[in-house]
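Here is a short briefing to read beside the model. Please take a look at the sequence and structure first.

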Amino acid sequence: MYKLKKRDLIALASIPLIMTLANSMLIPVLPLMQKKLGISSLQSSLIITVYAAVSIVCIPIAGYLSDRYGRKLIILVGLSLASIGGIISAVSAWQLEHYTAFYGILAGRLVQGIGAAGAFPIVIPLVGDMFDSKDEVSSALGVVETSNTFGKVISPILGSALTLLIWFLPLAVIPVISIITILAIAIFVNVPKKDSQKQITFKAFLHSLRDILREKGRWLYAIFAIGGCAMFIMFGILYYLSSILEDHYDIDGVKKGFLLAVPLSAICLASYITGKVIGTNKSRMKWLNVAGAVIISVSMVVCLLINTKSMFFLLSLLTISGVGIGLILPCLDALITEGIEKEQRGTITSLYSSMRFIGVAAGPLVTALLLNKERLIFSIFTGIGILCCVIAIFAIQPDSASSRSPIGIKPSLDPGPKQDGSF
């Protein structure tokens, strides 16, 4: 079945690639945008933050709509909005000047963020709908997460290269690629028919969501928190490294893009391997989460305690932390997808995606505010890494009696879910 749906999976995997390019491709070119638009570093970070911030609000709504009206439809609408937002940003940068252009770009990014809310977050539950075998689901999610991370790897290189032609070209290229993806999804992706999909009211949806969180809240909240923290560290590191390379080492352009791609490559490779090896073993997912958090914490502690002015040393430490992030993300995707019934999966994964976008929005913003206080930045990253480790150890509790049963569901002899939130 997995082989038969490879074309569908490739089309779906292009969505996180495009949505990642729409955001991460701008990180290495923010200093150039500051100069062209006459804005501060804090204002430039808003170009990233506004995209993620509006997604935080819209993703749960998109999740509900995908459960009610179908995932493919919501994805197509989301991609269309992302394309329109890209056009608004590109035209503003091209035709307007200074602050007027800046506000036009922000408006376009706002629309693009709304579109992103209906695109990538819906891919995860759709993959769960398309495959019956849990091993196939885990493997497919690994491909999706790898595509997401691969987009981050090529983003700084592509973004830097495009600015050599026209400084706002990274804004203009996204609508073109989005249209190609829209056609691929419309033609190739075949969504399975589900008799169980009901036209529930919004009130019933809220009651259902309340019941899910009441029953499975402990491990779900843990996964939400770890996902948000991992993305906070990832985008904080990227913003910090982009600024340091330009301000302290006078490295810009494509060379800076290649250096930014090094830690992102580590995330991509680790995500791909993790997606292949976790299978349906929830205990393995938990301890890979713990291992990833430990790796992040240790590398950030070293950055905190030792002089990191050596570019090679700093890049090595940030690459090691990237391995930790790459271990975490596919495990979180698989835990949620396998632990939530298909009818409710879109809603829960959308909440999870919202938490990830909180990290995406906050990472560059906090780092920009503390850019001259490196020790404080690495102290925050270290504390967050330790917090993720503690949460993973104590809040994610696989059910040893049935390691292959859906998360949160006990064997038939068990009268019901554990009250302590384990699964």
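**Charged pairs, cysteines and a surface patch**

At 44% relative accessibility, Ile-273 counts as partly exposed, a class between buried (under 20% relative accessible area) and exposed (over 50%), with a 1.4 Å probe and protein chains only. This is a predicted model, where local features need pLDDT of at least 70, side-chain atom pairs count only at pLDDT 80 or more, and totals for chains, interfaces and linings use all residues. Residues are numbered from 1 along each chain as its sequence is written, and side-chain values use heavy atoms, with hydrogens and water left out.

**Surface patch**
- Ile-273 sits in helix 10 (residues 253–277); helices are DSSP runs of H or I, at least four residues, numbered from the N terminus.
- Together, Leu-269, Tyr-272, Ile-273 and Val-277 make a nonpolar surface patch of about 370 Å²; such patches join nonpolar side chains within 5 Å, from residues with over 30% relative accessible area and no salt bridge.

**Salt bridges**
- There are three salt bridges in the structure, each a side-chain nitrogen of Lys or Arg within 4 Å of a carboxyl oxygen of Asp or Glu.
- Lys-256 and Glu-246 pair at 2.8 Å, N to O; Lys-256 is in helix 10 and Glu-246 in helix 9 (residues 202–247), ten residues apart.
- Lys-256 is buried at 1% relative accessibility, and Glu-246 is buried at 16%.
- Asp-333 and Arg-356 form a salt bridge at 3.6 Å, N to O, and both residues are buried.

**Cysteines**
- The disulfide count is zero, taking a disulfide as a pair of cysteine sulfur atoms within 2.5 Å.
- Cys-268 is buried at 11% relative accessibility, and Cys-331 is buried at 0%.

Terms used: Patches are made of residues with over 30% relative accessible area and no salt bridge: like charges are joined within 9 Å, nonpolar side chains (Val, Leu, Ile, Met, Phe, Trp, Tyr) within 5 Å. Accessible areas come from the Shrake-Rupley method with a 1.4 Å probe; for residues, only the protein chains shown count as cover. Helices (H or I, at least four residues) and strands (E, at least two) are DSSP runs, numbered from the N terminus.
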